Amino acid sequence: MNHIAPGARAGIYHYDEIDRQFVAERVEQFRKQVDRRLSGELTEEEFKPIRLMNGLYLQLHAYMLRIAVPYGVMSATQLRKLSAIGRKYDRGYGHFTTRQNLQYNWIKLEDTPAILHELAEVDMHALQTSGNCVRNVTTDPFVGAARDEVVDGRVYAEILRQWTTMHPEFTYLPRKFKIAISGAESDRAAVRIHDVGLLARRNDKGEPGFSFYVGGGLGRSPFVGKLVREWVAQEDFVAYLEAILRVYNQYGRRDNIYKARIKILVHELGLEKFTQEVEEEFARLRGPKYRLDPEIVDGIRQHFAPPPFEELPDHSEALERARASNPAFANWLAVNVAEHKAPGYAIATISLKPAGGIPGDATCDQMDLVADLAERYSFGELRVTHVQNLVLAHVKKDELYDLWKQLDAAGLGSANAGLIGDIIACPGLDYCALANARSIPLAQAISARFADPVRQRTIGELGIKISGCINACGHHHVGAIGILGVDKKGTEYYQITVGGDPTLTTAIGDILGPAVTETEAVDAIEAIVDVYLANRSDESERFIDTLARVGHAPFKERIYAAD
Amino acid sequence: MSAKDRSKEGSMKAITANRLRDGEVVFLGEGGRWVESFAEAALFPRAEADDVLAPAKEKAEREQFAVDIYTFEVVEQDGVPVPATMRERIRTAGPTVRLDLGKQSLGKQAA
Ligand code: HEM
Ligand code: SF4
């Protein structure tokens with residue numbers, strides 16, 4: 001059934017005719033629905049759920065269209081199409097999100113069918129980006145390249161895409177359902193803040209399978225996902241997930257939107273009872289029908305076969321010369337470049353967080369450039385990360401310097417991956433209809449304050465995450481420093497939390513004290529950083545470790561003492 | 001301006017919506033006509049705004065012209081009417097982080 005389309009590149013899944021036909025039919029269906037809405041045959045009440053199922057929201061200034069980037073991986077051709085659409089139908093830019101998607105902010109309803117039609121030309125769409133379905137599955141942006149990889153997360157994310165799209169049982173769930181898969185030892189997909197998070201692990205016999213974490217989530221009631229099963233065999237992966245979704249479908253609260261997520265079910269039922277229900281359902285399901293057919297899995301795996309790496313020595317003379325001659329490049333190498341499993345290759349993170357810039361925004365010119373660079377240096381593919389950056393996963397070490405020079409010339413060379421300048425911020429009140437306060441200006445002020453790359457590296461790993469309301473699209477709960485925008489009688493205030501952690505040691509941050517104004521917030525962040533630097537035992541002690549050791553008191557004293 | 005001043009009696013209200021076909025922010029202007037610029041929006045005394053809203057909303061919905069139709073508060077600042085909340089100021093002008101976009105970029109609108 002699956003095939004590698006002519007000209008297919010390694011690493012990108014290519015739709016088969018069934019997928020293509022389905023997407024094309026959906027576009028035509030939506031075209032008619034839009035016509036019927038504009039002519040008045042459909043009321044807004046009838047139409048709204050339909051447009052949401054096609055990724056179209058109404059925001060403050062216009063419609064917002066959310067495009068799925070399945071598991072965050074796309075081809076240069078697809079990125080060029082996103083850029084072309086941004087130029088033709090939007091205002092020349094797009095916003096990469098924490099769900100590894102792309103959002104346009106200035107879309108017209110009447111243009112949307114044409115946009116979806118153009119997207120379908122490159123096998124893209126806006127399905128499963130909204131509504132109470134299984135959303136676009138996210139995975140490790142270093143998938144297929146990381147040294148610590150156990151299994152290829154794309155394979156399983158793609159299986160889920162095929163299995164959940166239009167699955168009637170999972171299209172009308174009590175609430176949205178977000179799944180993240182990490183195929184590596186370390187968690188670069190924030191699995192424990194998802195409804196279901198899967199972490200690849202080997203069992204005692206060395207066989208790869210998955211740990212299942214269930215009931216994580218942010219928003220109004222944040223929860224860290226709980227371990228429901230230590231190890232599920234790969235062949236049972238779909239059956240186990242189906243069992244979880246069935247239990248959710250059966251018991252999930254449809255009467256109250258604030259209690260409808262699976263995290264509330266797990267919390268209310270208790271882990272033990274929830275697990276028991278899942279295990280019983282799993283025992284019923286387990287069998288040939290739900291066992292993943294190795295042939296199908298192999299077919300999918302072939303799409304993600306490694307690209308044709310050259311046999312290279314791991315050490316690159318060219319790289320070392322460039323490192324020695326250019327300190328800015330050396331800094332970028334140290335911060336934004338990670339080890340690759342193939343000798344002589346490296347993984348490069350392209351930061352979309354220039355100092356003073358809008359986190360996650362990329363102009364269409366930048367998208368075109370990245371598409372060109374992906375073609376020249378990384379087998380024509382790239383990834384979107386959940387921290388709103390891009391990744392070229394397979395760059396020859398010999399070519400890193402050339403790559404960086406071109407990125408830097410286009411404002412894409414910031415060396416801040418994982419540092420204080422690498423801020424996540426949701427669109428906030430500048431765009432979002434649900435917002436209480438703006439997020440972006442605060443992110444801009446903070447990244448400008450900490451623009452100095454040397455200072456950033458001195459501070460080390462420290463994630464700041466900002467949301468404009470309690471929905472937590474900016475992941476503020478898991479920011480080492482989290483910032484939540486609140487509205488106090490018409491004025492924007494910001495509540496600061498500390499100690500959040502999005503990695504395997506997931507933690508929800510604690511509120512430090514009363515909310516502060518925007519100006520105070522930037523000073524408060526700086527004060528927090530100063531207290532950390534003054535208190536850390538040595539340079540290797542990260543902010544969250546110092547915080548855990550010394551507690552909140554010294555930070556509180558410094559920020560709130562003046563009052 | 002403090003929040004208290006804003007809710008002072010005697011402040012005015014305007015009526016706004018998003019145009020259905022493109023999402024553009026629109027305001028009810030004089031004579032029941034919808035306009036794109038807040039400068040041309042009709043202002044109503046607080047007590048009367050809801051009475052104007054109901055028929056305008058009914059008509060705009062019947063004609064598939066606009067969605068999300070509601071009133072918002074307007075205060076005077078330096079002699080000029082401005083929306084009382086940041087949210088409505090941003091809707092009438094555009095994103096504060098992209099002054100090149102939205103109504104503010106057309107030069108029609110004092111942000
Ligand atoms: C601008 C339009 C947006 C709207 C209307 C919106 C709406 C929402 C709502 C209502 C929730 C809470 C859901 C719940 O608790 O059940 C939510 C959660 C979330 N959204 Fe958004 N969002 C928007 C943009 C974004 C953007 C730009 C991102 C990425 C930067 C994003 C990523 C997320 C994430 C990661 C969550 C947390 C999921 C969880 O509850 O665990 N959203 N969003
Ligand atoms: S967190 Fe709130 S303000 Fe930010 S994008 Fe989500 S819904 Fe909008």
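The following exercises, with worked solutions, concern a predicted model.

**Exercise 1.** Determine which residues of helix α18 of chain A are buried, and which elements they pack against.

*Solution.* Step 1: helix α18 of chain A spans residues 553-560, and its buried residues are Phe555(A), Ile559(A) and Tyr560(A). Buried here stands for under 20% relative accessible area. Step 2: these residues lie on the same side of α18(A), because they cover an arc of only 100° around the axis. Step 3: the packing partners of the buried residues of α18(A) are α16 (518-535) and α17 (543-550) of chain A.

**Exercise 2.** Identify the protein donor to the iron atom of ligand 1 and locate that residue in chain A.

*Solution.* Step 1: the protein supplies a single donor to this iron atom, the SG atom of Cys473(A), at 2.2 Å. Step 2: Cys473(A) is situated in the loop that runs between β17 (464-467) and β18 (481-488) of chain A.

**Exercise 3.** Describe the residues that surround ligand 2.

*Solution.* Step 1: the surrounding residues include Cys426(A), Cys432(A), Cys469(A) and Cys473(A), as well as Pro427(A), Leu434(A) and Asn471(A). Step 2: by class, the shell around ligand 2 holds 8 nonpolar and 4 polar residues, and no charged ones.

**Exercise 4.** Characterize the interface between chain A and chain B.

*Solution.* Step 1: the contact involves 30 residues of chain A and 24 residues of chain B. Step 2: about 2,200 Å² is buried between the two chains, with 60% of this area given by carbon and sulfur atoms. Step 3: in chain A, the residues that lose the most area to chain B are Leu58(A), Leu60(A) and His61(A), which together account for 22% of what that side buries.

Key: Residues are numbered from 1 along each chain as its sequence is written. Chains are lettered from A and ligands numbered from 1 in the order in which they are written. This is a predicted model: local features need pLDDT of at least 70, side-chain atom pairs count only at pLDDT 80 or more; totals for chains, interfaces and linings use all residues. Side-chain values use heavy atoms; hydrogens and water are left out. Buried means under 20% relative accessible area, exposed over 50%, partly exposed in between (1.4 Å probe, protein chains only). Helices (H or I, at least four residues) and strands (E, at least two) are DSSP runs, numbered from the N terminus. The arc is that of the directions from the helix axis to the C-beta atoms. Contact means heavy atoms within 4.5 Å. A residue is near a molecule or strand if one of its heavy atoms lies within 4 Å of it. Ala, Val, Leu, Ile, Met, Phe, Trp, Tyr, Cys and Pro count as nonpolar, Asp, Glu, Lys and Arg as charged, and the others, Gly among them, as polar. Donors are N, O and S atoms within 2.8 Å of the metal (3.2 Å for Na, K and Ca); water is not among the atoms, so sites may look incomplete. Buried area is the accessible area (1.4 Å probe) that two parts lose on being put together, summed over both.
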